Amino acid sequence: MNDLATASKSAQSGGSIQLFYATSVARNRPTVDRADGIYMWDTAGRRYIDACSGPVACNIGHGNPRVLEAMIAQAKKVAYASRALFENRPNIDLADLVTRLAGPGLERAFFVSGGSEANEAAIKLARQYAVTRGETARCKVIAREPGYHGSTLGAVSVVGDPDSERVFGALVRVMPKVPAPFSYRLPPNHDADSYARHCAAELEAVIRREGPETVLAFMMEPVGGLATGALVAPDHYYAAVRQICDRYGVLLIFDEVMSGAGRTGTFLAAEHWPAGRPDLVTLAKGVSAGYTPLGAVLAPAHMVEAVAGAGGFLHGHTYSANPLSCAIGLAVVREMVERDLMRNAARMGVVLRKRLDAIKAKSPIVGDVRGLGLLQAIEIVADKETKAIFPAERQAVYRIIELGIERGLLLYSRRTANGKYGEWLMVCPPLIVTEAEIDEIARLLGQTLAAYEAELRSERALR
Ligand SMILES: Cc1ncc(COP(=O)(O)O)c(C=O)c1O
């Protein structure tokens, strides 16, 4: 058989000889065939419940008819038009809708193709604004460790992951980091409250150490994503961070790529902490819910106008604000608003938390449950008493994901910094989820964890 014939046969059977993956554990995955609502099917006809919305992206579920219609209608009209030559209506309408939902102080939107791009655009806008104001020394963006802001090189400079820094640090200017205000694994003599105060104080200390006149911004996820397993800080942390940024003229950027677009029960997670309102917000994932690559930077009018007045934002991509993606985003956000999915996320978040707490009470390997709305995670431990993590070679969360797939349950995880901060699984179903579906997720999750526990027991018995 020649190479082409082999490749074609391999692709038909679901295998591949051309693809490469981030992790070796992702190799033997089923081949997806179709999806509807919160269910997905593989080419062998097996059904899976989507308990993670993919990588916490498919917020309104799969196969939404309104979005599919908008997609086709826009593609028939005009799929692409360059921003250099045309304005387009979906771009205007989507900007109008998301800025109205985001509220005061975030009156302008700039659309890109994803979360990493959105964060880089936000940093560039912040920098250009500082230059416009004559604050040319401001160039450092402080971020949290652990924290995640994307995989492109600009984003890598603010990603708080020692592994990523070790490998890619030489290619970029690694930005200063402050500790993320963890609530479960705490340094000695701290509780969650005092540690959050310590972490905020660290931000101030780092700004002072770096030289306040050189610090441009502080970037953080208001509710953590994969890097921290849905970390939520005590309320006072958000207010303290805002005050510290104000004290030194530092812009506060919320990366709401995962937490935004309704996931935590409000359009922006920022709405939960009015005293910690950010200057800039980035969105992606849920804003197009997996139907098209789309991201956004939301910014105050005065900042955009200052930059526009000084010659305009020095930034753009071929696909920025393209009509097709914006029309799809518009249909997604309208669907979310008209079906009141944010309220459903808030209500179902409470139900999900109860079910996860019940699992934690029974399972010897669930040490913590945390999150907000439908952005939640369970932390996996080898020993609940000591909070010891499983040895790295066990790849516990990846094995649990496999056991979930075998049972028709889709979960999401990645071991940040090789488990240095612990390991967790995201449990983040689409915002359309019903109580009955949460019960199904909880039942399958309980069975999946029980299967992993049984593997641990049988290994111990063998030893
Ligand atoms: C908080 C956060 N920021 C940024 C990104 C990067 O977004 P993208 O993968 O769309 O570039 C992600 C992706 O998971 C994320 O969770």
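In this predicted model, the residues of the shell around the ligand comprise six nonpolar, seven polar and two charged. In total, 15 residues surround the ligand, and the closest are G114, G115, S116, G225 and V257. Helix α5 supplies the largest share of this shell, namely three residues.

**Helix α5 and its neighbour**

Helix α5 spans residues 115-132 and packs against helix α10, residues 301-309, at an angle of about 65°. The axes of these helices are 9 Å apart. The crossing of α5 past α10 is left-handed. On the α5 side, the contact is made by L125, Q128, Y129 and T132, and on the α10 side by M303, A306 and V307. Of the residues in this contact, five are nonpolar, two are polar and none is charged.

**The sheet**

Which order do the strands of the open sheet of seven strands follow? The order is β4-β10-β9-β8-β7-β5-β6, and the pairing is mixed. Strands β4 (108-112) and β6 (177-179) stand at the edges with a single partner strand each, so one side of each has no neighbour in the sheet. On average, and with direction ignored, neighbouring strands of this sheet are turned by 25° against each other.

Within the sheet, strand β8 (residues 251-255) and strand β9 (residues 280-283) run parallel and are joined by three bridges. Here I253 stands opposite L280 in β9.

| Helix | Strands touched | Angle |
|---|---|---|
| α9 (residues 235-248) | β7 (215-220) and β8 | about 140° with β8 |

**The two domains**

How many residues of domain 1 are in contact with domain 2? The domain assignment gives domain 1 as 19-63 + 340-462 and domain 2 as 66-338. Between them, 33 residues of domain 1 are in contact with 34 residues of domain 2. The C-alpha centres of the two domains lie 26 Å apart.

On the side of domain 1 that touches domain 2, the elements that give two or more residues are α2 (53-56), α12 (341-362), β11 (366-372), β12 (375-380) and β14 (423-427). By class, this side of domain 1 has 17 nonpolar, ten polar and six charged residues.

Definitions and conventions: Residues numbered from 1 in each chain as written. Predicted model: local features only at pLDDT ≥ 70, side-chain atom pairs only at ≥ 80, totals over all residues. Axes fitted to C-alpha atoms, helices over the stretch in contact; angles between N-to-C directions. Helix = DSSP H or I, 4+ residues; strand = E, 2+ residues; numbered from the N terminus. Left-handed = near helix turned anticlockwise from the far one by under 90°. Contact = placed C-beta atoms within 7 Å. Nonpolar A, V, L, I, M, F, W, Y, C, P; charged D, E, K, R; others polar. Domains from an automatic or database assignment. Near = placed C-beta within 6 Å. Pairing = 2+ DSSP bridges.
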